[in-house]
Amino acid sequence: MAQVIDQPRYEGYEDWKREKPLYQPPISGSLPDPDGRVYYPYFPTLELQEAVNLAIALKRPLLLEGEPGCGKTRLAEAIAHEFTQKYLKKQKLKGQKDSQAQQKWWFFKEWNVQSIGRARDGLYTFDAVARLRDAQLVGAGAEQLKVLLDDGKEGKEFADLQARLKNKSKYLDFGALGEALKQTDVERPIVLIDEIDKADSDFPNDLLRELDRLEFTVTETGETYPEAKPGKGLRPKPIVIITSNRERSLPEPFLRRCLYFKLDFPDQTRLEEIIRGRLQQISDDLVERVVEHFLEVRDVFKDVPGSKPPGTSEILDFLTVLKDQSVEDALLDLENLALQSKSHLLGVVLKTEKDQDLYRDSFGNG
Amino acid sequence: MIDLQLPLLHLFQRLRQKGMKLTIEQYELLRQSMDQGFGLDWESLERVCRVLWVKPSLNYDETIFQREFADFRRVHQEKFQQYWSKQELQAKPGQQVKLGMLPTLPPRRWEQKNDEPQVVPESRSPSDRRHEEDGLGAIAPPDLGKPPKKDLQFEPWDVPISLEMVLQTWKRLRFPLIDYQREELDWEGTIECINREGIFSDLVMRPLVRKEADLLLLVDEGSGMVPYSPVWQPWVQAVEEQRISSAQTYYFSCGVDDALYDWYEPLQAVPLGSVLMRLHQKRSIVVVLSDGGAATRSDDDEKIKSMQQLLQQLGRAAREIIWLNPVPVSLWENTSAATIARWMGWSQEINGVMLPFELRQWWEIIPVSSLRANSIASRALSFGQKWEKGYGH
């Protein structure tokens, strides 16, 4: 008999294709979430949407690769925003007051991997310094400390200090992945592991067990998360999105555990759609000309090793700068972009002197 | 009709035959996806298979996938179309249609005796056999086996080393070393000391324990090593697949000049100096895979000299050198291999040893978990009693 599995489904592509999208944030950006993030519309392809839903259904991490600026990082935000909107809608249908529901955002954490980062940092850090300090304070002598901390009264702070010292868990600080994995009461938390290729090559291998079993153990305390809660049923498995710019190749055991999706640079039509979806009141003619031009630039740059062709976000930034002037002036700026006097504009899309020189050589009039 | 229990097994097996290292677990993922309503037309099915099976690695190559999927589609176009039109009415994403059995890969043929006939399991039903013909369900075992064994033919499985053994070895090679010259704070010890002696107690320090190692793999590609190429394949594979992190493979031929070679395309000489620059005296372990002239029975003074020079330079820059010789130790005598092995044994300039592959437990000389102060090479020397002629001395 067919068994219905109740799991969230990402509708990003279908939603933005609707005449009036249901779950996309406004073009000007959403209200900030509790972590201060503001969400903007996101336009996935059908293929990407399907890959996300596969990762959700199979409870596997989704590894996204693609050139910088193609929207890898924004995908996790888009999923979190859509699921929040759906959640709010569900609450509304259940008759819960908006004021209560508005407080609730879908659980979403980001882990920005650093080049010197260790895999354990994303799970937890153990504040050994604080523990040492507490030990020193306790070692200073009880009577003296009671006077110092509690003004000689109840002795509560001193008691807290002693209790804290005895309980190692008090010195734990959970990282993004750790937070997501230890959740037992929220539905499918989302965690983004951003730019995993920045870290040491051992880094992905150090996460194999955690990504496989979706649990982790704190060595210092011996505790395993998520804590088993008898009678609570299956614990929610996080939706893990991992991005990589492919600065270094990832080990095979790690790749095997992930679903993989390569984000290609959008073609002209899609790029125009993305821009119109992100920028208000912008001339179609200007969008078309700018997109056409930068696709040509990308064509030239693709044969030059080491160059960084403009990505979607750079083209969006460029149009954001141009859109406040008249279309004629904007087009003129585009035409004269190779001139030294327009260096400030060129710097919006091409970030190195070498790339700018290459542009001037290829597109300058003289 | 299509058997949902083993959908696309034929494609899965073809991809494995063509070099994609797909696992049963990855097949199971496809089955689960289809159970949940993904892949209900050719385009969607291709997308699903691609997301599950293609990765940025040569072992999960997109080109192989594309070609094989296109072939599969061409052959089975109609049958799947009929199947989907029926299924579309029944299944939607998010609904599990039916749980199937986990497929089991047929046993690898090299585990059987060569003269044993291939037996088709009797448990296969007529419908299974029909699916085999259709390419839809259970299908004939993939041709994973090795060709009939010929005399004097070496295969990776003939030599006493496998990828797993390489990884085990590496794990052992990079176990923690105590660095007595550097210290770190012993938190637990300090806290205990403060609790015991009060706030004015000293910090407790302990020697730094490091578990860092880089591998420099040097593979001899001289003519003597040709029959032994399966010996080094697991090592090269481990490096290529990033199973050993921070590792680099270079090739050389006996009679080394001032360069090593990156392989194959483009064949590029890398100055020895730039390789040495990347080595670290406390971290780098050099593994040399070479017959040292034993395979061709050569005893060339020039080659010995050049190898000694190379080893000296490596020895100065790296932690230790392990030379693995695939030729049986009894055949080393009167060849360059014997001279180099003896020299490595007594030389004060390098911390290294030549070990024969035939010594199947050679890697057991490396302790598993205890911290060590002495090197693998010096342990090998004491262990070296086990092989004759005193090569370790």
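The legends below describe close-up views of a predicted model. Local features require a pLDDT of at least 70 and side-chain atom pairs a pLDDT of 80 or more, while totals for chains, interfaces and linings use all residues. Residues are numbered from 1 along each chain as its sequence is written, and chains are lettered from A in the order in which they are written.

**View 1. The open sheet of chain A.** Five strands are arranged in the order β3-β6-β9-β2-β10 (chain A), with parallel pairing. Strands are DSSP runs of E with at least two residues, helices are runs of H or I with at least four, and both are numbered from the N terminus; two strands pair if DSSP finds at least two bridges between them. At the edges lie β3 (108-112) and β10 (259-262) of chain A, each of which pairs on one side only. Ignoring direction, neighbouring strands of this sheet are turned by 20 degrees against each other on average.

**View 2. Strand β2 of chain A and the helix on the sheet.** Four bridges join β2 (residues 62-65) of chain A to β10(A) in the parallel sense. K262(A) in β10(A) is the bridge partner of E65(A). Helix α3 (residues 72-94) of chain A packs on the sheet and touches β2, β3, β6 (190-194) and β9 (239-244) of chain A; contact requires C-beta atoms, placed from the backbone, to lie within 7 Å. The direction of α3 makes about 170 degrees with that of β6(A), where angles run from 0 to 180 degrees between N-to-C directions and axes are lines fitted to C-alpha atoms, for helices over the stretch in contact.

**View 3. Helices α13 and α15 of chain A.** The axes of α13 (residues 284-301) and α15 (residues 327-335) of chain A come within 10 Å and cross at roughly 5 degrees. The two helices are therefore roughly parallel, a term for angles under 35 degrees. D285(A), L286(A), R289(A), V290(A) and H293(A) in α13(A) meet V327(A), A330(A), L331(A) and L334(A) in α15(A). Six of these residues are nonpolar, one is polar and two are charged.

**View 4. Helices α2 and α3 of chain B.** Helix α2 (residues 24-35) of chain B packs against α3(B) at an angle of about 145 degrees, with the axes 10 Å apart. Q26(B), L29(B), L30(B) and S33(B) in α2(B) meet V48(B), C49(B), L52(B) and W53(B) in α3(B).

Conventions:
Contact = placed C-beta atoms within 7 Å. Parallel < 35°, antiparallel > 145°, perpendicular 65-115°, else oblique. Nonpolar A, V, L, I, M, F, W, Y, C, P; charged D, E, K, R; others polar.
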